[in-house]
Amino acid sequence: MTSLFQVPWSDYRPDLLDALWRTVSYTAVSFAGAVLLGLAVALLRLSKVWPARAVAAVYTEVFKNVPLLAIIFLSYFGLASAGIRLDVFTAGCLSLVVFYAAYLSEIFRSAISGVHDGQTEAGEALGLGKVGIFGHIILPQALRQALPGTNTMLVDLLKSTSLLVTVSAAELMSEGRLITSATFRALEVYLVISAVYFALCYPLSQFLLLLERKVRAGVPLSPWRRRRVRTARALLAADIGTVRGDSHRTDLKEAAV
Amino acid sequence: MTEPLTTATTPQHTHQEAGSGTSSPAPPEPVVRIDGLSKSFDGRLVLDDVRLEVGRGRIVSVIGQSGGGKTTLMRCVNLLERPDEGTVEVAGQVVHSGGRLVCSDLPALRRTVGMVFQRFNLFPHLTAVENVVLAQRTAGVPESEALERAVTLLRRVKVAHRGLALPDQLSGGEQQRVAIARALALKPAVLLFDEPTSSLDPEATREVLSVMRELAADGMTMLLVTHELPFAREVSDHVVFVDGGRIVEEGRPQDVLDNPGQARTREFLASYGSAS
């Protein structure tokens, strides 16, 4: 065992922490961008205007069927040869955004389409406008439907940042390569780097699973909704108290995970 | 009941209201007035020159076979369906005329017309109380006022003890009662009920009809599409029989349901085992 671990890891701790921070930064920025672009593409694909639908469909099909590595090379080397020089962080994020937005748009489109037409009608009948219906009724339900797929994409994106090693993006995998070059301890180094990825991804996926369960149970997550439910609970205290003991009784608190 | 509660000029048969004459009090101001309304889907005429009025505080039940145009007629009131021809007037304001939307503020119109759907259509991501709050908030009602009103309405429909439950944790009857509370939240001038008990078991049906009975006693104006003929007989001021997109017969419930003047009405009632 001692012969396996011979790299002076304490010497590399600052560099590893810096690489870890970069990996998290690539993930956070790219995922935020991919969600926004994916949502926009999904809305275009659901548009009544056929050119908008066509553009969105072409985008989705192109980026779903080109390898991420090719997109990274195109962003960093390809654009540079065409006179558009992007720094490695921008090129890396751009690649991840356009690639994952294609997949997320499919998840979002399916989730939005899956919201029953009766929900829109109920919103209309209550006098909500198009924006109100989308924001208060369709989007929250669609997000609930899209959460499992979106969460899978987030973990996948985090792991895919390792491909940025090919453009020396100074993230975890790049740092691992540098340490390997300096120590010639490939097995040890990549075992440790893999363990760091696992230590990032596993808690993240478990947290996202917990989040999914909470959302499915209707647990209020936003501060304003928590405040509303708290006030409602206080106003309804007497009513809920009168039936305490009913065998069928369930409410938001009991359903919460 | 001495005056016609609704008028219809196209039906083949309209019962004379008992006691109508010069001494009758003035008919109530109409909350809903439909005149010459026609509607087609893909070239198939589903409503043909329908005229109907619902006076303030009155309850009008629309009965008829499935596919006869009842639901479409109701959905034309809040313009969930746009008529091809005719005029729709709500609370004294013409909202649709000659196949064109006349109303400049459609959401405002819809806030004056509450609607209860056959399949409830509650928002599944929100608790019962939040379902009742949502439309109030988007209409600008302050949060505390909206919540207090929601709780009051949930108590009124006897489902306040389930106020923090999500729709999928509620029984069908509870869901429909929450839907009624939600429809009442914006203090509508008229409530539309589209077969509100069709998806419910007998016990849940009784619960919902009990709430509707109380609303009727409170003087709520209601337009009701229903297959619950005994209930229609009990609460309605006026019954309209629709068939093939036309009003075939209308009048007081005891006239239309117990002594129908039209063969088609008798046939329909016989098929429901309700012919007297």
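Q: Which residues in α1(A) meet residues in α2(A)?
A: In this predicted model, V41(A), L44(A) and R45(A) are the residues of α1(A) that take part, and on the side of α2(A) they meet A52(A), R53(A), V55(A), A56(A), A57(A), Y59(A) and T60(A).

Q: And how do the residues of that contact divide into nonpolar, polar and charged?
A: The contact of α1(A) with α2(A) has 7 nonpolar residues, alongside 1 polar and 2 charged.

Q: At what angle do the two helix axes cross?
A: The axes of helix α1, residues 9-45 of chain A, and helix α2, residues 50-64 of chain A, cross at roughly 135° and come within 7 Å. Because angles over 145 would count as roughly antiparallel and 65 to 115 as roughly perpendicular, α1(A) is oblique to α2(A).

Q: Left-handed or right-handed crossing?
A: The crossing in which α1(A) passes α2(A) is left-handed.

Q: Switching to chain B, how many helices and strands does it have?
A: Chain B has 12 strands along with 9 helices, and of its 276 residues, 55% are buried.

Q: What about contacts in chain B between residues at least 6 apart in sequence?
A: Of those contacts, 64% join residues that are at least 24 apart.

Q: How many residues does each chain give to the contact between A and B?
A: Chain A gives 33 residues and chain B gives 33 residues.

Note on methods
Residues numbered from 1 in each chain as written. Chains lettered and ligands numbered in written order. Predicted model: local features only at pLDDT ≥ 70, side-chain atom pairs only at ≥ 80, totals over all residues. Axes fitted to C-alpha atoms, helices over the stretch in contact; angles between N-to-C directions. Helix = DSSP H or I, 4+ residues; strand = E, 2+ residues; numbered from the N terminus. Parallel < 35°, antiparallel > 145°, perpendicular 65-115°, else oblique. Left-handed = near helix turned anticlockwise from the far one by under 90°. Contact = placed C-beta atoms within 7 Å. Nonpolar A, V, L, I, M, F, W, Y, C, P; charged D, E, K, R; others polar. Buried ≥ 20, exposed ≤ 12 C-beta atoms within 10 Å, placed from the backbone.
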